[in-house]
Amino acid sequence: MTQKQKKQITAITVFSIAFGICPAANAMHIMEGYLPVAYCIAWGVLCLPFLVTGFMKIKKTLDENRRAMTLLAISGAFIFVISSLKIPSVTGSCSHMTGTGLGAILFGPCSVSILGIIVLIFQAVILAHGGLTSLGANAFSMAIAGPFFSYGVYALCKKCNVNRRITVFLAASIGDLFTYCVTSVQLALAYPSEAGGVLASAVKFLSVFAPTQLPLAVVEGLLTAAIVICLESFAKPELKSVGYI
Amino acid sequence: MEKNQKKLFAVLIIAAILIAAIPFLALKDAEFGGSDDAGSVMVEEIHGEYDPWFTPVLESMIGREIPGEIETLLFCVQTGIGVGIIAFFMGRLYERRKLGKDNEEL
């Protein structure tokens, strides 16, 4: 193992331990029927421009570059796997991860919104998890806000010349956390608490969701870094074709 | 895959498994319910009694909540679909490397 890799592992370990010690709390999708109609529609409408852009972007990517298909399929499947695993957390409750970081890094945040919404529809219809009425809100938090934040972190780290694997780890885990922050705010907007309004309510929801999600965000970062290592060794031409390397 | 990468890969996976397994092993009294439920409890705490105005399509079709075992099955189906696709493509990529045709399109 080279000196550099030792440093990487140490950094990741410190990060994980720091997160692991934090007292736990976090949540998943907004449940069916729990969001007032007006909010459902508003979030849904807000998602539309991103979804349309995403659709056109994916189409363009695939038209220009058939190689991207493999990576797109893997990114989509990765979201499927990761978001189906409910993982026990330090708070004593379970939550699942989003898995959208990989797609955001490889294809940009707009394209991921399409992949994410496929998973959300699948879960809402077949698993009664999340919901069709809250699809807009959930899509906004998991398929749009999270990936955008991931991508932002990725772009920032890339600019600062941070090691590529650490970049991937940070982008995926912070994006995951951000998804749940957005969910908390969405719930808080719909249910402001009587005493402190939206803000107090947001803090309350965050305190339920954040501690649970912290360790899971680390797991998501680790798994995303792992699959990127696989791709880097077996799919170099494809990664080059989408501009990752 | 180079040896270093293999090692790093293994370390990452093991760390992920440990983070998931330790709370489960250490917290003996915890129920490990979904934090979705915690969310709905919180809604009721802030808002008072709350009646969801829409029930999931599948649940209204069968007229009750999805039984736990069935829900587990459905979640496994989701995992299975994802793993299947990833395994298929990783297998193709692996073979391509093995045959020394790295630059050919899949």
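**Helices, burial and chain contact in a predicted model**

Helix α7(A) comprises 27 residues and reaches 39 Å from its first C-alpha to its last, close to the 39 Å expected at 1.5 Å a residue. The structure described here is a predicted model. Of the 27 residues of α7(A), 22 are buried, and the helix is therefore largely enclosed by the rest of the structure.

Chain A as a whole contains 9 helices and 2 strands. Read from the N terminus, its elements follow the order α-α-α-β-β-α-α-α-α-α-α. The C-alpha trace of chain A spans about 55 × 45 × 30 Å along its principal axes. A compact globule of 245 residues would have a radius of gyration near 18 Å, and the value for chain A, 18 Å, agrees with this expectation. Of the 245 residues in chain A, 62% count as buried. When contacts in chain A between residues at least 6 apart in sequence are considered, 76% of them join residues at least 24 apart.

The packing of α5(A) against α6(A) was examined next. Two packed helices are described by the angle between their axes and the distance between the axes. For α5(A) and helix α6 (residues 135-159) of chain A, the axes come within 9 Å and cross at roughly 145°. The crossing of these two helices, α5(A) and α6(A), is right-handed. On the α5(A) side, the residues that meet α6(A) are A:P109, A:V112, A:S113, A:G116, A:I117, A:L120, A:I121 and A:A124. Their counterparts in α6(A) are A:L135, A:N138, A:A139, A:M142, A:A143, A:I144, A:P147, A:F148 and A:Y151. By class, the residues of this contact of α5(A) with α6(A) comprise 14 nonpolar, 3 polar and no charged.

A:Q3 is placed in helix α1 of chain A. This residue also counts as exposed, because A:Q3 has 7 C-beta neighbours inside 10 Å. Between the C-alpha atoms of A:Q3 and A:G146, which are 143 residues apart along the chain, the separation is 33 Å.

Chain A also touches chain B, in a contact that takes 65 residues from chain A and 58 residues from chain B. Within chain A, the elements giving two or more residues to this side are α1 (3-21), α3 (68-84), β1 (86-88), β2 (93-96), α5 (109-126), α8 (197-234) and α9 (236-241). The most is given by α8(A), with 17 residues. The side of chain A that touches chain B has 40 nonpolar, 19 polar and 6 charged residues.

Conventions:
Residues are numbered from 1 along each chain as its sequence is written. Chains are lettered from A and ligands numbered from 1 in the order in which they are written. This is a predicted model: local features need pLDDT of at least 70, side-chain atom pairs count only at pLDDT 80 or more; totals for chains, interfaces and linings use all residues. Two residues are in contact if their C-beta atoms, placed from the backbone, lie within 7 Å. Helices (H or I, at least four residues) and strands (E, at least two) are DSSP runs, numbered from the N terminus. Ala, Val, Leu, Ile, Met, Phe, Trp, Tyr, Cys and Pro count as nonpolar, Asp, Glu, Lys and Arg as charged, and the others, Gly among them, as polar. A residue is buried if 20 or more other C-beta atoms lie within 10 Å of its own, exposed if 12 or fewer, and partly exposed in between; C-beta atoms are placed from the backbone. Axes are lines fitted to C-alpha atoms, for helices over the stretch in contact, and angles run from 0 to 180 degrees between N-to-C directions. A crossing is left-handed if the near helix is turned anticlockwise from the far one by less than a right angle, and right-handed if clockwise. The radius of gyration is taken over C-alpha atoms; the globule rule is 2.2 Å times the number of residues to the power 0.38. The expected span of a helix is 1.5 Å times one less than its number of residues.
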